[in-house]
Amino acid sequence: MHVKGFTAQHPEIPPALRGTYAGMAHPAAIAHWQRLGVTTLSLLPVQQCLSEPHLQPLGLPNYWGYNTLGFFSVDPRWSTKPHEPRAAASEFRTMVASLHAAGLEVVLDVVYNHTPEGNEQGATLCWRGLDHRQWYTHEPHTPHEPTRLRNLTGCGNALNVAHPMVSRFVLDSLRYWVREMGVDGFRFDLAPVLGRDRSGRFNPEAAFFTALRQDPLLSQALMIAEPWDASGDGYQLGQFPPPFLEWNDKFRDTVRGWWLNTAVNRGQFAQRFCASSTVFGPGQRRPSCSINFIAVHDGFTTNDVVSYATKHNEANGEGNRDGRDGELCQPFGPEGPSADPAVQQRRERTRRALLASLLLAHGTPMLCAGDELAHSQGGNNNAYNQDNPTTWLDWAQADHGLIQFVAEVLALRQRLPALHTDLWPRPWHAHDPAPQAASRVHWRHPAGHELNLHEWHHPAHSPGAAFAGVYTPPGAQQPTPLLAFNPDDEPCTLHLPDAAVWRLALDSSGDPAHGLPRTEYRHTLLLPARSLLVAEQTPDHPPLTS
């Protein structure tokens, strides 16, 4: 979330506090997160930044803040006293203390991959004047361009964190924010830059990562990597060492593709739903290392994913050339708001199915602030310079039914141990029992049999792609949940496991015919179109056995 954007239009927060650190600590904001079941707030950059030179003639700011100048300074823009730097720091510390008292962790998005000095022809603000050659990474020397910078970030330069003094600078800054400001961890923007060795290659055993693990203070903090940078060899998902968690864009693209009926098959969806074991499992890492998301600040909101066919970034002043091209999206009709009931229903069902998939999947779910309100940015997928109602959450138009739905799904996740275990769920095999501490997963065709190899490759864009997973917990005291997924535009009959009675715990479609939560089912259950369902065995019936 963005500190200003979350509270700028919140009607229950006093006007003087809206858009500030103090506003984030207001009881109305805290009550919203507690109602949802959120445990951690990941804040867009709050270190002091500069706006890029090309924004000045446009009269636009760097709203997101990914252009840090003051790595030890709180951004005064989001303070109730923006012209008093010390007051801003005090207000930030008070905010963190208030959030901690409410049981919430605070993670900062930090930008140690580049500085505002730009390329070799850019301004001299600090580091270039100290030692241009040592602070930045350089291209191999040529007679004509001996000081050309290597642009790993798309911002003109990249910090040379492999150098001991640069590494010390970053570590000192991180310690300051933990020790003096009280934060709980960091999300590292373009994190592969920090892991490049002296040869320029990414190395999971880079000195900087080793220093993080050995530091008495930082080794206890949350560490989250954005596992790609802007270079040709910068995509490093799954390659970061412990204790890093990583943003998993494969989850985003696969889950979007499944519910938007693109060429995603059952096997691909199940793999991402189970925390991408092929990505994180080989390194002996846990499912929680996969930070799953559908939308973040950079890209479409979830509402815009189902409302637009292409980006609309004209307001950014770059001729709609900026921002990600080719986002997976589907408006289900004409772009933008629609009064057509059929279009509204398909959008609503798809949006809820996307959010339910995110919040129930194995791994660590990350919700983009505003997605629970059905917030739209009008199709702008790169609103980094939009400090206005485009990015400010519109609480007056909030979808309160969707807020309640998100809260119910997170409560269900917390209640069912099989859905939040940090052990890898294993496919069920009759002669290969899973370890006692892990859940087994029976993947089933709607007709009731175990999926065969051909059926695993059945794509979502063809009829009859629905399937279900039944989790058999290791302990008899844990409930057995069944999760069913139907991405099709037609309902589907699901044949339930024999010798069990099931009660529906969640229907993302909101179909009133299911009579949540009282109706019990034996033998068959109708899966509504474009829906995710969760069912539990009723407590007066024995657990499912193989």
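Predicted model: local features only at pLDDT ≥ 70, side-chain atom pairs only at ≥ 80, totals over all residues.
1. **Parallel strands.** Strand 5 (residues 185-188) pairs with strand 6 (residues 222-225) in the parallel sense. Four bridges hold this pairing. Glycine 185 has leucine 222 of strand 6 as its bridge partner. Strand 6 also runs parallel to strand 7 (residues 245-248), joined by two bridges. Here isoleucine 224 is partnered by leucine 245 in strand 7.

2. **The crossover.** What do strand 5, helix 7 and strand 6 make together? They form a β-α-β unit, and its hand is right. Helix 7 covers residues 207-214.

3. **Histidine 32.** This residue sits in helix 3 (residues 27-36). Buried or exposed? Histidine 32 has a relative accessible area of 7%, under the 20% cut-off, so it counts as buried. Beyond four places in sequence, histidine 32 touches Phe6, Glu372, Leu373, Trp395 and Ile403.

4. **Leucine 50.** Look for leucine 50 in the loop between strand 2 (47-49) and strand 3 (68-74). Its relative accessible area is 31%, which makes it partly exposed. Setting aside neighbours within four places, leucine 50 is in contact with Asn62, Asn67, Leu69, Pro116 and Leu125. Serine 79 is 29 residues away from leucine 50 in sequence, and their C-alpha atoms are 16 Å apart.

5. **Salt bridges: arginine 77 and aspartate 75.** The model has 25 salt bridges. One of them joins the side chains of arginine 77 and aspartate 75, at 3.1 Å from N to O. Aspartate 75 is buried at 2% relative accessible area. Arginine 77 is partly exposed at 31%.

6. **Aspartate 253 and arginine 324.** These two form a salt bridge, with the closest N and O atoms 3.3 Å apart. Aspartate 253 lies in helix 8 (residues 249-259), and arginine 324 in the loop between helix 11 (302-305) and helix 12 (341-360), so the bridge ties together parts 71 residues apart in sequence. Both count as partly exposed: aspartate 253 at 24% relative accessibility, arginine 324 at 27%.

7. **Aspartate 489 and arginine 530.** Their salt bridge brings the closest N and O atoms to 3.1 Å. Aspartate 489 is in the loop between strand 13 (481-486) and strand 14 (492-495). Arginine 530 is in the loop between strand 17 (524-527) and strand 18 (531-537). The pair links distant parts of the chain, 41 residues apart. Aspartate 489 is partly exposed at 37% relative accessibility, whereas arginine 530 is buried at 1%.

Definitions and conventions
Residues numbered from 1 in each chain as written. Heavy atoms only, no water. Pairing = 2+ DSSP bridges. Right-handed = clockwise from strand over helix to strand, strands pointing away. Buried < 20%, exposed > 50% of the residue type's maximum accessible area, 1.4 Å probe, protein only. Contact = heavy atoms within 4.5 Å. Salt bridge = Lys/Arg side-chain N within 4 Å of Asp/Glu carboxyl O.
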